[in-house]
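Look at the fold as a whole before turning to single residues.

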Amino acid sequence: MAALNSGNVRAAIPLLERVVALEPQHKEAWNDLGLARLRAGSSEAAVAAFRKQLDVNPFDEHANDYLGIALEQQQKYTEAVAAFRKQIDGNPLDPIAHAALGEIVLQQHSYAEAIPELEKATILSPDNGGLQAELGQAYLNMGEQDKALAAFEKGAELSQTPTVWNNIA
């Protein structure tokens, strides 16, 4: 959809709503509507669209990722974690789901649970310095200083941005 791809989410939303009203089983329109609503800051409406997308196409490649992101924005962490786990069950090599799940459980101070998810995410997205920094935080909080230092060093090497450096410091 041109309006969505050009960043004009305000124009895209009514167009996509018309598409799904005329063709409720459209496999991509529900997903695009959810993304447009998410970008517009309407996470509740985005959740509804992503849930409908999953009803229409339960094997959609990214719907549980997007649903989890929208739920996380609503601070519905338990539901977001469930969405990311479901995504991983269907696609064990999904870097978005592993990273997002690892980040949520890290924020909840579940370091032992965060480590394997963040390790997988760093393997699947080896150039992401931010993930390395988060993995380092999890290791550090579990008392694994050598692993933490290695992750921090790799994160700093990969991403020389203030945000990553702040996370490391």
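Helices here are DSSP runs of H or I with at least four residues, and strands are runs of E with at least two; both are numbered from the N terminus. By that count the protein has eleven helices and zero strands. Read along the sequence, the pattern is α-α-α-α-α-α-α-α-α-α-α. This is a predicted model: local features need pLDDT of at least 70, side-chain atom pairs count only at pLDDT 80 or more, and totals for chains, interfaces and linings use all residues. Residues are numbered from 1 along each chain as its sequence is written, and side-chain values use heavy atoms, with hydrogens and water left out.

Start with the overall dimensions. The C-alpha trace spans about 60 × 30 × 25 Å along its principal axes. Burial is judged by relative accessible area: buried means under 20%, exposed over 50%, and partly exposed in between, using a 1.4 Å probe and protein chains only. Of the 169 residues, 44% count as buried. A contact means heavy atoms within 4.5 Å. Among contacts between residues at least 6 apart in sequence, 40% join residues at least 24 apart.

Now go to helix H7, residues 95–107. H7 has 13 residues and reaches 18 Å from its first C-alpha to its last. That is close to the 18 Å expected at 1.5 Å a residue. The expected span is 1.5 Å times one less than the number of residues. Asp-94 caps the N-terminal end of H7, with a side-chain oxygen 2.8 Å from the backbone nitrogen of Ile-96. Such a polar contact is a pair of N or O atoms within 3.5 Å; within protein, one must be able to donate a hydrogen and the other to accept it, and residues adjacent in sequence count only if both atoms are side-chain atoms.

Which residues of H7 are buried? They are Ala-97, His-98, Ala-99, Ala-100, Leu-101, Gly-102, Ile-104, Val-105 and Leu-106. Their cover includes helix H5 (63–73), H6, helix H8 (111–124) and helix H9 (129–141). Glu-103 is also found in H7. Glu-103 counts as partly exposed because its relative accessible area is 24%. Leaving aside neighbours within four places in sequence, Glu-103 is in contact with Leu-118, Leu-131 and Glu-134. Glu-103 and Leu-135 are 32 residues apart in sequence, yet 9.0 Å apart in space, C-alpha to C-alpha.

H7 is followed by His-109. His-109 sits in the loop between H7 and H8. Its phi is positive, about 65°, although His-109 is not a glycine. His-109 is exposed because its relative accessible area is 56%.

Helix H9 also has 13 residues. H9 reaches 19 Å from its first C-alpha to its last, close to the 18 Å expected. At its start, a side-chain oxygen of Asn-128 reaches to within 3.0 Å of the backbone nitrogen of Gly-130. The buried residues of H9 include Leu-131, Ala-133, Leu-135 and Tyr-139. Just after H9, Gly-143 takes a positive phi of about 80°.

Ser-43 lies in helix H4, residues 43–56. Ser-43 counts as buried because its relative accessibility is 12%. Beyond four places in sequence, Ser-43 touches Leu-38, Ala-70, Gln-73 and Gln-74. Glu-72 lies in H5. Glu-72 and Ser-43 are 29 residues apart in sequence and 9.2 Å apart in space, C-alpha to C-alpha. Glu-72 touches Tyr-77, Ala-80, Phe-84 and Ile-104, again not counting residues up to four places away.

The loop between H5 and H6 holds Gln-75. Gln-75 has a positive phi of about 65° although it is not a glycine. Gln-75 is exposed because its relative accessible area is 57%.

Finish at the largest pocket. On a 1 Å grid over the protein atoms alone, a pocket is an open set of points with protein on both sides within 12 Å along at least five of seven lines, and lining residues have an atom within 4 Å of a point. Grid points are joined across faces, edges and corners, and a volume is the space filled by probe spheres set on the points. The largest pocket holds about 150 Å³. Its lining is Pro-58, Phe-59, Asp-60, Glu-61, Asn-64, Lys-86, Gln-87, Gly-90 and Asn-91. Helix H6 (residues 77–90) gives the most to this lining, with three residues.

How values were computed. 1 Å grid on protein atoms, 1.4 Å probe; cavity = no way out; pocket = protein on both sides within 12 Å on 5 of 7 lines; lining within 4 Å.
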